[in-house]
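Work through the exercises below with the sequence and the model side by side, and try each task before reading its solution.

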Amino acid sequence: MWIEHRSQFLEELLRMEGRGGLQEVPCSDCGGSSPEFKCEDCFGIDLRCSSCITAAHQRHPLHRLQKWNGNYFERATLKSLGLRIQLGHTFGQKCPNPRRAFNDNFVVMDSYGIHEVLLDFCDCVEAESHTQQLLRIAWFPSTTADPKTAATFRLLEEFHLLSFESKVSAYEFYSALVRRTNNTGLAPIKDRYESFMRMIHEWRHLKMLKRSGRGHHPNGVDATEEGDCAVLCPACPHPGKNLPDDWEKVPRAKSWIYALFLAIDANFRLKRKIVSSNTTDPSLSRGWAYFVEEGAYKELLAEKVDVLQEKSTCSSHNAVNMADTKTSRGLAATGLGTIDCARHNMKRPNAVGDLQKGEKYVNMDYLFFSTLRHTSLQTLNVSYDIACQWHKKLWQRMTAFPISMHFDFVSKVIDFFVPKFHLPAHIEKCQTTFSFNFKRGVGRTDGEAPERGWANINPVASSTKEMGPGARRDTLDDFFGDWNWKKVVGLGTCICSAMKEALPERTNQQIALNDLEEGLKEDYGGVLDQWRTQVEAWEDDPHQPNPFECNADVITLASVRLALAKEDEAEIQSGSCLALHKDCSPSVLISSGLELEEQQRRLRADKAACGLHATDTQQGKLVERSNSLQRRIEAWVKIQALYMPNISALRLSNQATSTNMTSVPSSETFKLWLPSQIGRLAPCDERLQRTEWRLRYAQGHDALRSLRSSLRAQTAVLKYKDRNLRGQGANTRARNTLKTIDARIEAAASRYEGAHKALVILGGLLAETGWQSSLRPLNRQDIRSMSDLLWGESEGRRKLSWIWNMRGAGGSEKDDTGGLEDMRIEWCKARARAMRWGEEVELLQEEMRRILAFLMWEAARWDERQDSVIPTSLEHQDGCVAYAKRQAFLRRELAASFEARWAETLAQPDNINDID
């Protein structure tokens, strides 16, 4: 559609380059002939003479003019026309004692560009300072001592919001402003980049103080304490603000409703280079918002510089084991550590600090204890991706911190968790002990809040890494404050959506639990009460046996071989042994056959890896291996003929039907004719079939464990490579390591597929059932790590591959003990799912109440600030009162908006039975 009108648009653009039909029109104001000037920023297009356009812009001194030079319009300035800007007096009033700006040339940065203007300060006896005179017209001076440059409030506000939304850097914004002023480079513009950086730094700081009410404090800004300027989470519990007066007297069974959820994490993208220093570039605040106070933080870190990080006993966490080796060359900070609100993804006061060399305990401990000074709650739920290691000696390490940071952990209920997305990378014990899914009183919290917040702040890293320490801290404080505020105003939609999801899920999970229990009553009715008692005991005391853990023996190929050997031993002792070879029993024959099969598989893989251009050395080693394997196969085949006499006929028949009858099969392609390969082609001793079935079953579990282990290693190497390795050499070595891991993954998958194929054949011959639930067909899309997504999947709909869902050692489902344990674990998980969704509904209801209460508390606080300010003038008082009233009104409007949005949803839980 627009294409049809493209020429018309282009025509109008070109028309505006000329006088647009005003060639013979007189001045639009005085009617004089030959007007030459037009304004780019005034509404409409008309031509004026120099005196008229100057008079028309007394109130618009930063508009951009153009002058017709007889051929085209060229840039003109109001300064060249003699327009002077008088400060310190009302508009139109002449100053009896004006004082010109330095060199009679003042630079103003505005959204329209960078302007040079003629400026007169008022130098009367009762005149305000030059700084105040500029501020009174909403111009922000670059310095308080004889300012020569200023930026309009409009420009600073524009960049401020634009930096939040687009993460544009000050340099990029200033460069765009320069180009908007002159895009040819023919008219050099005075460089005011450093001035702009200084002004935006101060602007961010002033906005933070204003919005946090520090300008209304009777003792002034200097009375600001640590954390006073942070935007608090209204949904989190705050005693004295949004909790009932008797919240501490609530029964222990319901105390979880007033728990504080904390999430700990580190970000290694927000690094800072060694630029400037705290002396040259100090922070304008002293731990007033989200960053900890730098002096005390660095002092304690200096005392602990030689303390080595204890190693992880879990899955080789890089955050723990590599904390002392994190590369820090050329960096003053390798990243940030933070403590967030785990349910609502907001930064907490005094909970952010620089990391000097990786994610060391001393850094994260300091941030943790620092932010806990701002709460007096009795119940804490702490999430950290290495919580299983970090929490072990936490209270012991606390004794080395200042007394002011000590935390009374004895009288409180504190639980530690690993975020849900990180949990599968931990060992199996951690996956049940530190899971949000299994512990009581946490709802559907996942602990991954910080990870979601990093996506918003990471783009800032490209500019903040080049800043000095003070400017960087203040800038990031400002970004965190904006993030929190956006979260606050979005709570109405966020909480409502969560409740709409939780209500039907609570019902569905309760129905699923009821159905499961109804089905279990017939076979397991006698032990249901026992299971319930066991899981409740563990919920009350984590030191009790964990009902979610599997206690069955792990099935491995080695354990099955040992069992078969013991059976042979018993037969020999009882005299019932039917071995046809003195050195090889039937079980040893089949076991050796599986070993030969594995050696064939490895030899084929190694030959394929060498390719077409293998060296003589490589070829020689492969030939030696092939010869050795051939000799072992020949010896094994001779013994096989004793136990399986029909094999010779099968081999001859197979050779006769081969397409190339003259070729001799190589050692790696020689068909061994194990019972599973014979199938129904020829008779086979059932004892041999059953022996192979047992070994194949164990081989399948072994292969899956190997596959999972290799996938964990692959994930760990990729994460370590991304976070720590720089340079071609280090990355090449990492790629070689990954190539080796990929080969192991392929080998494990091939081994599993062979075992599964054999089990399918043997299971049909032996009427074995039930094994398919733990050993399923393996597709290529199933071979993925815990964090990998399938095409079309999102994080909210992500499903783990079945290889991660199965327990590592399932006993046969025909085994009563194993079946009972499987049922207990499944029932415990179903009960946990129903309870978590029920808790989520209760938590969301409580959070709705807390949000409304907090907003009303904030409104009342702003009402109080109207009278608490000590004004310096009537005008100052008028502004403080107006701002306080506006902020109070805003909070009440937000509360009313949220309440109206939630009204329908809040009525629904009353119609749904609570979960027991």
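## Exercise 1: a strand and its partners

The bridge partner of Met-109 is Ile-114, in β7. The model is predicted, so that local features need pLDDT of at least 70 and side-chain atom pairs count only at pLDDT 80 or more, while totals for chains, interfaces and linings use all residues. Residues are numbered from 1 along each chain as its sequence is written, and side-chain values use heavy atoms, with hydrogens and water left out.

Task: Starting from this bridge, work out in which sense β6 and β7 pair, and over how many bridges.

Solution. Strands here are DSSP runs (E, at least two residues), numbered from the N terminus, and two strands pair if DSSP finds at least two bridges between them. Strands of a sheet pair through backbone hydrogen bonds, either parallel or antiparallel. For β6 and β7 the sense is antiparallel, over five bridges, and the two strands form a hairpin with two residues between them. The next step is to turn to β9 (residues 149-152), with which β6 pairs in the parallel sense over three bridges; here Val-107 has Thr-149 as its bridge partner.

## Exercise 2: an open sheet

Task: Give the order of the strands in the open sheet of three strands.

Solution. The order is β1-β2-β3, with antiparallel pairing. The edge strands are β1 (37-39) and β3 (73-76), each of which pairs on one side only. Neighbouring strands of this sheet are turned by 35° against each other on average, direction ignored, where the axes are lines fitted to C-alpha atoms and angles run from 0 to 180 degrees between N-to-C directions. Four bridges join β2 (residues 65-68) to β3; among the partners in β3 are Glu-74 for Lys-67 and Phe-73 for Trp-68. In the hairpin of β2 and β3, with four residues between the strands, Gly-70 takes a positive phi near 105°.
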